[in-house]
Amino acid sequence: METVELHKAYQGLQGVYRHQSWATGGTMTFAVYLPPQAKSAKVPVLTYLSGLTCTHANVMDKGEYRRAAAEYGIAIVCPDTSPRGTGVADDDAYDLGQGAGFYVDATEAPWAPHFSMWTYVTEELLAVIAEHFPIDLDRQGITGHSMGGHGALTVALRNPGRFRSVSAFAPIVAPTQVPWGQKALPAYLGPDRALWRRHDAVALIEDGARLPELLVDQGTADNFLDSQLKPELLRSACDRAGIDLTLRLQGGYDHSYHFISTFMASHVGWHAMRLRG
């Protein structure tokens, strides 16, 4: 594993690292913030999955999580959104290809050789982190924004008991029912809609997957709210399934990191209550 950059922040360390991934068959870059408490003991870990067009750098530079992470003693892990580089398939559109991995393992050409973000996030990444950093894998949380919110919800729903806490910012809750998902899922997974449902939080809940509780923040001025995000579908699914959903509609906030950074400390604190207990 190669250290790309390292910075002291709030008495902890913000690093960016690069490694050769067996899951994606190429080089992957990720960020890790270690709070000062990691100098003397293993700490809980919160994984943040980013949205369309982003890399690890968007939330690292604009997410404003370090003060809260240092206060609560939580490591923050921020992977990339897709494999990248020469020889990795891409598309001219922003919502497919590099920067738009959708946290699935692609089975279709030309994506299958490298686009295995599901395996990367659920198997490889945290194993690499645990090998090199003082984190406690028994105290994991997961969160994400937009496409990354979709990833956080589906990863948690399909891995019951692994995550003590789950939250999301403006997640794509039902990709099989909105244009982003209706484009990406068949491109990556083919025409079998049963495979699509395994990457749709609302469908997973309808099919029996459960979480004890869930926190979601959604801006009411988000220009994707009605066409792509549809949080009301998640609320209905959680109500029917008896899942304790806290859905906070934040007046006047949009889809940007201005929104995310405003509520990031609240999410880190919410996770801390569940990860440190």
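What you see is a predicted model, in which local features need pLDDT of at least 70, side-chain atom pairs count only at pLDDT 80 or more, and totals for chains, interfaces and linings use all residues. Residues are numbered from 1 along each chain as its sequence is written, and side-chain values use heavy atoms, with hydrogens and water left out.

Glu232 sits in helix α9.

Which residues of α9 are buried? They are Pro231, Leu234, Ala237, Cys238 and Ala241. These five lie on the same side of α9, because they cover an arc of only 120 degrees around the axis; the arc is taken from the directions that run from the helix axis to the C-beta atoms. On the face turned away from that buried side, you will find the exposed residues Asp239 and Arg240.

And what covers the buried residues of α9? The cover includes α4, α7 (201-206), β8 (213-219), α8 and β9 (244-250), where contact means heavy atoms within 4.5 Å.

Lys230 is not a glycine, yet its phi is positive, near 50 degrees. With 22% relative accessibility, Lys230 is partly exposed. Just after α9, Gly242 has a positive phi of about 75 degrees.

Next, α8, where Gln228 lies. Is Gln228 buried or exposed? At 8% relative accessibility, Gln228 is buried. Leaving out residues up to four places away in sequence, Gln228 touches Ile172, Val178, Pro179 and Trp180. For those of you who like distances, Gln228 and Gly97 are 131 residues apart along the chain, with 18 Å between their C-alpha atoms.

One of the elements covering α9 was α4, so let's look there. α4 is mostly covered, with 11 of its 11 residues buried. Among them are Met147, His150, Leu153 and Leu157. Ser146 is in the loop between β6 (135-144) and α4 (147-157). Its phi is positive, about 60 degrees, although Ser146 is not a glycine. Ser146 is also buried, with a relative accessible area of 2%.

While we are on backbone geometry, a cis peptide bond joins Ala109 and Pro110, with omega about 0 degrees. Pro110 belongs to the loop between β5 (75-79) and α3 (117-132).

Now the core. In soluble globular proteins, nonpolar side chains tend to be buried together. Here the largest nonpolar core has 95 residues, and Phe30, Tyr65, Phe102, Ile129, Tyr188 and Leu234 touch the most other members. Such a core is a set of buried Ala, Val, Leu, Ile, Met, Phe, Trp, Tyr and Cys residues joined through side-chain atoms within 4.5 Å. Leaving aside neighbours within four places in sequence, Ile129 is in contact with Phe30, Val32, Val77 and Ile135.

Phe30 also turns up beside His56, which touches Val16, Thr29, Phe30, Ala31, Cys78, Pro79 and Asp80, not counting residues up to four places away in sequence. His56 is in helix α1 (residues 56-62) and is buried, at 11% relative accessible area.

How many cavities of 30 Å³ or more does the structure hold? There is one. On a 1 Å grid over the protein atoms alone, a cavity is a set of points where a 1.4 Å probe fits but cannot get out, and lining residues have an atom within 4 Å of a point. Points are joined across faces, edges and corners, and the volume is the space filled by probe spheres set on them. The largest cavity holds about 40 Å³. Its lining includes Leu46, Tyr65, Cys78, Thr143 and Met264. β4 (43-49), β5 and α10 (257-275) each supply at least two lining residues. By class, the lining has eight nonpolar, one polar and no charged residues; nonpolar covers Ala, Val, Leu, Ile, Met, Phe, Trp, Tyr, Cys and Pro, charged covers Asp, Glu, Lys and Arg, and the others, Gly among them, are polar.

Definitions and conventions. Helices (H or I, at least four residues) and strands (E, at least two) are DSSP runs, numbered from the N terminus. Buried means under 20% relative accessible area, exposed over 50%, partly exposed in between (1.4 Å probe, protein chains only). On a 1 Å grid over the protein atoms alone, a cavity is a set of points where a 1.4 Å probe fits but cannot get out, and a pocket is an open set with protein on both sides within 12 Å along at least five of seven lines; lining residues have an atom within 4 Å of a point.
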